[in-house]
Amino acid sequence: MSQRKGKTIFSAVQPSGDITIGNYFGAVKNWTQLQSDFNCIFALADLHALTIRKDAEEFKQKTLEAYALLLACGIDLKKSLFFIQSQVNTHCQLAWMLACHTGFGELARMTQFKDKSNSHSGNVNCGLFSYPVLMLSDILLYRADFVPVGQDQKQHLELTRTVTERFNFLYGPTFTVPEPYIKSGAKIKSLKDPTKKMSKSDPDLNSRIELLDSPDEIVNKVKRAVTDSESHVKYGANKDGLNNLMTIYSCTTGKTFDEIEKEFDGKGYGEFKSAVAEALIEHLAPIQNRFSEIIKDKGYIEKCYKDSAEEALNISNETLNEVKKKIGFIL
Ligand code: TYM
């Protein structure tokens, strides 16, 4: 990473499942746009992904692929750090210390915990419960000012701010109180049930578009996306499916909803869906091409994540040592 700029950005994505356009438009695309103006630190949150049981070989492969794919999306290691969370051992240490400063009731209120405990009722483990503490530790270790995320992470960030203020109150100013950075595209919905968010762990593959989907897959998934019985391309109430496709088209082309409505005035949903698919195919093609180049070079990928982990460890160790001192650990 080049010399450090003013304010710091931290964010992360889990390598569980394949990265979707929800992750991309909600978070990753914003990350890449912030790199020139901020001191950016990004992570692949593989420790977080462990809350759901994994096959070890597949997990390793998915983590490498996700790392290469995020580089292909535009994370630039000349400007930013991008490390793999499990390679930086300060995260788990701070997470324990901050777990001891987080209420059971605060964690029990997290809607993502409630949702995930319902969808993975056979494996409601303690990691799933204490997950937001690891997340807030990720952020605080780098004293991040802003955290670019999708809407679904807002509650976790509110908890982050609460725990940060509590710690600063108890031990004196230690951590920066981070702010969420949430932009348009912050909630891309499922193509099959547009009342829910698009999720990489949804068992229905047709509910999401993954960044590495082929043009045929994209056309078929968009064609099958749930809409309503009307035919005018107009953003409005009770039209979650259409609104979602308009959001995707807007994120992909940069057009406003007004411009989209004018463009498709007098045309039906079929024509609009074809345009959405075409725009996505065109938008994703350069990312897919870069990915197929990067993934071939395992040596390069390894150098990237190792160098970033080393630097992340140096930065985060400084914070951890200050916390240990304040708590009263013998250093
Ligand atoms: P994860 O892997 O579920 O998602 C990564 C990012 O993508 C955003 N996102 C979406 N945005 C819009 N529409 C959607 N359908 C959609 N689905 C996901 C998420 O809001 C997120 O920004 N806990 C985090 C990873 C994490 C993290 C952190 C984030 C670990 N430590 C510290 C920020 C700071 C997660 O599971 O993201």
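Modeller: Let's start with a pair: α7 and α8 make a right-handed crossing. Helices (H or I, at least four residues) and strands (E, at least two) are DSSP runs, numbered from the N terminus. Right-handed means the near helix is turned clockwise from the far one by less than a right angle, and left-handed means anticlockwise.

Colleague: Which residues make the contact there?
Modeller: From α7 come Tyr131, Pro132, Met135, Leu136, Ile139 and Leu140, and from α8 come His156, Leu157, Leu159, Thr160, Val163 and Thr164. Contact means heavy atoms within 4.5 Å. By class, that makes nine nonpolar residues, three polar and no charged. Here Ala, Val, Leu, Ile, Met, Phe, Trp, Tyr, Cys and Pro count as nonpolar, Asp, Glu, Lys and Arg as charged, and the others, Gly among them, as polar.

Colleague: Before I forget, where does the model come from, and how do I read the numbering?
Modeller: It is a predicted model, where local features need pLDDT of at least 70 and side-chain atom pairs count only at pLDDT 80 or more, while totals for chains, interfaces and linings use all residues. Residues are numbered from 1 along each chain as its sequence is written, and side-chain values use heavy atoms, leaving out hydrogens and water.

Colleague: Back to the pair. At what angle do α7 and α8 pack?
Modeller: Helix α7 (residues 126-141) and helix α8 (residues 154-171) pack at about 70 degrees, and their axes are 9 Å apart. Axes are lines fitted to C-alpha atoms, for helices over the stretch in contact, and angles run from 0 to 180 degrees between N-to-C directions. The two are therefore roughly perpendicular to each other. For angles, under 35 degrees is roughly parallel, over 145 roughly antiparallel, 65 to 115 roughly perpendicular and the rest oblique.

Colleague: And how do α10 and α12 cross?
Modeller: The axes of α10 (residues 240-253) and α12 come within 9 Å, crossing at roughly 35 degrees. That crossing is left-handed. Among the contact residues are Leu242 and Tyr249 of α10, along with Phe272 and Leu280 of α12. The classes there are eleven nonpolar, three polar and one charged.

Colleague: What about α1 and α12, how far apart are their axes?
Modeller: Those axes are 13 Å apart, and α1 (residues 21-34) packs against α12 at about 65 degrees. The contact uses Ile21, Tyr24, Phe25 and Lys29 of α1 with Leu280, His283, Leu284 and Ile287 of α12.

Colleague: New topic: which residues touch the most other members of the largest nonpolar core?
Modeller: Ile21, Tyr67, Phe82, Phe272 and Leu280 do, in a core of 59 residues. A nonpolar core is a set of buried Ala, Val, Leu, Ile, Met, Phe, Trp, Tyr and Cys residues joined through side-chain atoms within 4.5 Å. Buried means under 20% relative accessible area, exposed over 50% and partly exposed in between (1.4 Å probe, protein chains only). Helix α12 (residues 269-294) gives the most to this core, twelve residues.

Colleague: Last one: is Asn238 buried or exposed?
Modeller: Asn238 is exposed, at 76% relative accessible area. Asn238 sits in the loop between α9 (215-223) and α10, and its phi is near 60 degrees, a positive value in a residue other than glycine.

Colleague: And what about Arg143, where does it lie?
Modeller: Arg143 is in the loop between α7 and β4 (146-148). Arg143 is partly exposed, with a relative accessible area of 26%.
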